[in-house]
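Student: I have a new model open and want to learn how to read it. Where do I begin?
Tutor: Pick one feature at a time. We will take a pair of charged side chains, then widen the view.

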Amino acid sequence: MKNRLKDYFPSIWTAEEWNEKMQENQNLQEIFESWQSGVQKEFLDFCTGVQGIDFLQGAFFRLAMKRERLSAFLSSLLGKKIRRLYREEGEEIPGYACLDSNLYLEFEDGENAVAEIWKTGAEFSSLPYACRSSRALVSQWEKKQKKLGKKFRNRSIGKVCMIVLFEDCPIKSETDPEAYVHRGKICFDTDISLEFLQEYYLLNLDFCQDIRREKSIQTELEGWMTFLGCRQPEKIVQLIKTYPYFKGIYQELYGICRDSEKILEMFEAEVKSREENLDKRTMEEMEETIDKLTRQHEEDRNSLETLRKENRQKEEQITRQYQEAIRRIEELEKMIEHV
């Protein structure tokens, strides 16, 4: 099959060129051969343009999404033009799932916000992001209060935007089955309108590609979602034709792919991070299973104890009834003897 991406990015190496490079460097060859065959194929597929780059891998996301690109992406998602974006000093969030954090946004209308960008898959659960959002809100409250002193107002905190990019996620909207962007905030069942500071943005990247498979890319946000979530060369070609802006990002990344040592070490770090995350998830699932079995055992034990108690009560009742019957029989026997 013809490599369509190499037609647009001539700097992409072929598989043969990659093999030659690795044969020249024993250290790179050893790292490459230490991977499983599926991981080797994944690496060669994106380095040779057979598939697009997986930008949900943390190292590649941070490499591609420089400040002005993050600003453009978030402006299209939040629906407000960002005048200034920078990273605040703060706690580094460890782990595989966090793509970027401590992002401080100043909008052209004078408002401000902080944002975090996460990724997830089929294991999606809303609880970690609710906790992270609350923690970010408290952190902003402390920072603003310390900075502004007596001038501090609750409105000074700004919005806290929790952005989650996910693939292979079963979440679908019942009211709008084709929705792939879910925006959420605190609301009430009586439809009263009150302002709260926490907002959530869930972007279903693969579902977006499925829904728009036969359609052209219509909006800038669809362009960003295609860039972040699509690896099919045909769709990438459509993207760079519709929005030439993205071609420069791909060109930059494929240029870095020619630095064999750097790109292989980056991918090696991602593989290790992925394995650690898999081990962590496996342990969490095992712990959840153990907790579930423990709760089930406790429930069964309580149920058994309840049954035993009920049986004892029934036995006591039967015993009383039996004794009452014996007493009545004895009384009847005495009456018969008397007669």
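Student: Which residue does R274 meet in a salt bridge?
Tutor: One caution: this is a predicted model. The general idea comes next. Side chains of opposite charge can pair when their charged atoms come close. Here R274 and E42 meet through their side chains in a salt bridge, at 3.1 Å from N to O.

Student: Where do R274 and E42 sit in the chain?
Tutor: R274 is in helix α12, residues 260-338. E42 is in helix α4, residues 37-47.

Student: Are R274 and E42 buried or partly exposed?
Tutor: Read the relative accessibility. The cut-off for buried is under 20%. R274 has 26%, so R274 counts as partly exposed. E42 has 16%, so E42 counts as buried.

Student: How many salt bridges are there by this rule?
Tutor: The count comes to 18. E106 forms a salt bridge with R84, and their closest N and O atoms are 3.3 Å apart. E106 lies in strand β2, residues 98-107, and R84 lies in strand β1, residues 82-87, so this pair ties together parts 22 residues apart in sequence. R84 is partly exposed, with a relative accessible area of 44%.

Student: And the other one: what is the N to O distance for D100 and R87?
Tutor: It is 2.6 Å, between side chains that meet in a salt bridge. D100 belongs to strand β2 and R87 to strand β1, so parts 13 residues apart in sequence are tied together. Check the accessibility of each partner. D100 is buried at 7%. R87 is partly exposed at 41%.

Student: Which residues are linked in a network of salt bridges?
Tutor: R155, K159, E195 and E199 are. Look at them as a group on screen.

Student: What does F43 touch?
Tutor: Skip residues up to four places away in sequence. Then F43 touches W18, F32, W35, I263, L264 and F267.

Student: Which nonpolar residues form a patch on the surface?
Tutor: I186, F188, I192, L194 and F196 form one, with about 410 Å² of accessible area together. Find L194 in the loop between β5 (181-185) and β6 (198-204).

Student: Where does E222 lie?
Tutor: E222 lies in helix α9. E222 is buried, with a relative accessible area of 9%. Beyond neighbours within four places in sequence, E222 is in contact with Y180, R212, S216 and I217.

Student: Let me zoom out. How many helices and strands does the chain have?
Tutor: The chain has twelve helices and six strands. Next, compare the radius of gyration with the globule rule. The radius is 31 Å, well over the 20 Å that the rule gives for 339 residues, so the chain is more spread out than a compact globule. The box filled by the C-alpha atoms, taken along the principal axes, is roughly 120 × 60 × 40 Å.

Student: What share of the 339 residues is buried?
Tutor: Buried residues make up 40%. Now sort the contacts by sequence separation. Among those between residues at least 6 apart in sequence, 63% join residues at least 24 apart. Finish with the accessible surface: about 20900 Å², of which 51% belongs to carbon and sulfur atoms.

Key. Residues are numbered from 1 along each chain as its sequence is written. This is a predicted model: local features need pLDDT of at least 70, side-chain atom pairs count only at pLDDT 80 or more; totals for chains, interfaces and linings use all residues. Side-chain values use heavy atoms; hydrogens and water are left out. Contact means heavy atoms within 4.5 Å. A salt bridge is a side-chain nitrogen of Lys or Arg within 4 Å of a carboxyl oxygen of Asp or Glu. Helices (H or I, at least four residues) and strands (E, at least two) are DSSP runs, numbered from the N terminus. Buried means under 20% relative accessible area, exposed over 50%, partly exposed in between (1.4 Å probe, protein chains only). Patches are made of residues with over 30% relative accessible area and no salt bridge: like charges are joined within 9 Å, nonpolar side chains (Val, Leu, Ile, Met, Phe, Trp, Tyr) within 5 Å. Accessible areas come from the Shrake-Rupley method with a 1.4 Å probe; for residues, only the protein chains shown count as cover. The radius of gyration is taken over C-alpha atoms; the globule rule is 2.2 Å times the number of residues to the power 0.38.
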